[in-house]
Amino acid sequence: MASKYSPRIRGFSLLELIMALAILSAGIVVVLQALSFCAQATGLSCDIVAAVFLAEDKIQELEFQEAQEALRETFEKGDSGRFSWARSVILDQDLNLYKTDIKISWQRQGRIQALEASTYLRK
Amino acid sequence: MKKPCAFILRIMLFQAGRFILERMQLDLRNSFAYSKDQTRFLGLSDEISFLTLIDTFWQNTLIKEVALVSYSPQDDKLMRLCRRGKQALDEKSGVAPDEMAQGLQELNFEYGYIDPLDESLKFKDSWVLESEQKTFPVAVRIKLVLRNKSVQEFVRTIYLPLAPVSQ
């Protein structure tokens, strides 16, 4: 006996529906993860720009002390908004130059991020 | 036209801030004095002007050129005036300033000097007095606040290589 439903207009089977939902859910999860990653990456890159500015300021401050012939072996640290900085000036006896290390650190989503830079300055 | 999303707007804000401050830093660190007792460095709380060396393409070669550069706000725009070569000292040259950025909320300059009393670095709001015109400030502290969808504040202290190293 022929079916009264034409095979051409039959609906989805339960299995097809579950498969489609699974694929759709996986797609949505991937898109949401990508958006979340974009937000994190944007925030981090903005933080890095601010940290680089702070590091440059701190290096220029030492260059000024160098020009004033007031550069000495020091270790300093401080805060600038969300960012903490630490700076050390150590005399390298072999090179007869001051080695300067600058570390900028900050917290982003519960994790500590850091940026470090080093340079040599004249004695 | 489709509006950019929040991420893109935030990136654009930081790109603009970085571009402006890098440009200002380059100009300020290349600044030089007009004569032995006249620097032509003029600074107000929201405006600055000085002589500097800028890069210019001439016959496919990058050359250094003398210019008078000034930064000032105009409504919510940051304007940069650059008068090159012989026009540098000609105030009637008619050179129009270029727009550097839109969405300027605040622009503030402070000028650093060494206090002779305790030899510490201090900052003041202007650098216009006749006595100040003989030397450069030690440093220029720039506060730039830009906004599009969000607001972002940038602060930089730029030390000038030609500043007097001792008082």
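Trainee: Which residue stands opposite B:Gly112 in β7(B)?
Mentor: B:Phe123 does. This is a predicted model, where local features need pLDDT of at least 70 and side-chain atom pairs count only at pLDDT 80 or more, while totals for chains, interfaces and linings use all residues. Residues are numbered from 1 along each chain as its sequence is written, with chains lettered from A and ligands numbered from 1 in the order in which they are written.

Trainee: Why are β1 and β5 of chain B called edge strands?
Mentor: Start with the sheet: five strands form an open sheet in the order β1-β2-β3-β4-β5 (chain B), with antiparallel pairing. β1 (42-43) and β5 (98-102) each pair on one side only. Within that sheet, eleven bridges join β2(B) to β3(B), and B:Asp55 has B:Lys64 as its bridge partner in β3(B).

Trainee: How do you know that the length of helix α1 of chain B agrees with what it should span?
Mentor: The expected span is 1.5 Å times one less than the number of residues. For the 24 residues of α1(B) (residues 6-29) that gives 34 Å, and the end C-alpha atoms are 34 Å apart, which agrees.

Trainee: What makes a residue of α1(B) buried, and which ones are?
Mentor: Buried means that 20 or more other C-beta atoms lie within 10 Å of its own (exposed is 12 or fewer, partly exposed is in between; C-beta atoms are placed from the backbone). Among the buried residues of α1(B) are B:Leu13, B:Gly17 and B:Ile20.

Trainee: Why are α1(A) and α1(B) called roughly parallel?
Mentor: Their packing angle is about 15°, with axes 10 Å apart. Angles under 35 degrees count as roughly parallel (over 145 is roughly antiparallel, 65 to 115 roughly perpendicular, the rest oblique), so these helices are roughly parallel to each other. The contact includes A:Cys38 and A:Phe53 of α1(A) and B:Phe7 and B:Leu21 of α1(B); contact means C-beta atoms, placed from the backbone, within 7 Å.

Note on methods. Helices (H or I, at least four residues) and strands (E, at least two) are DSSP runs, numbered from the N terminus. Two strands pair if DSSP finds at least two bridges between them. Axes are lines fitted to C-alpha atoms, for helices over the stretch in contact, and angles run from 0 to 180 degrees between N-to-C directions. Two residues are in contact if their C-beta atoms, placed from the backbone, lie within 7 Å.
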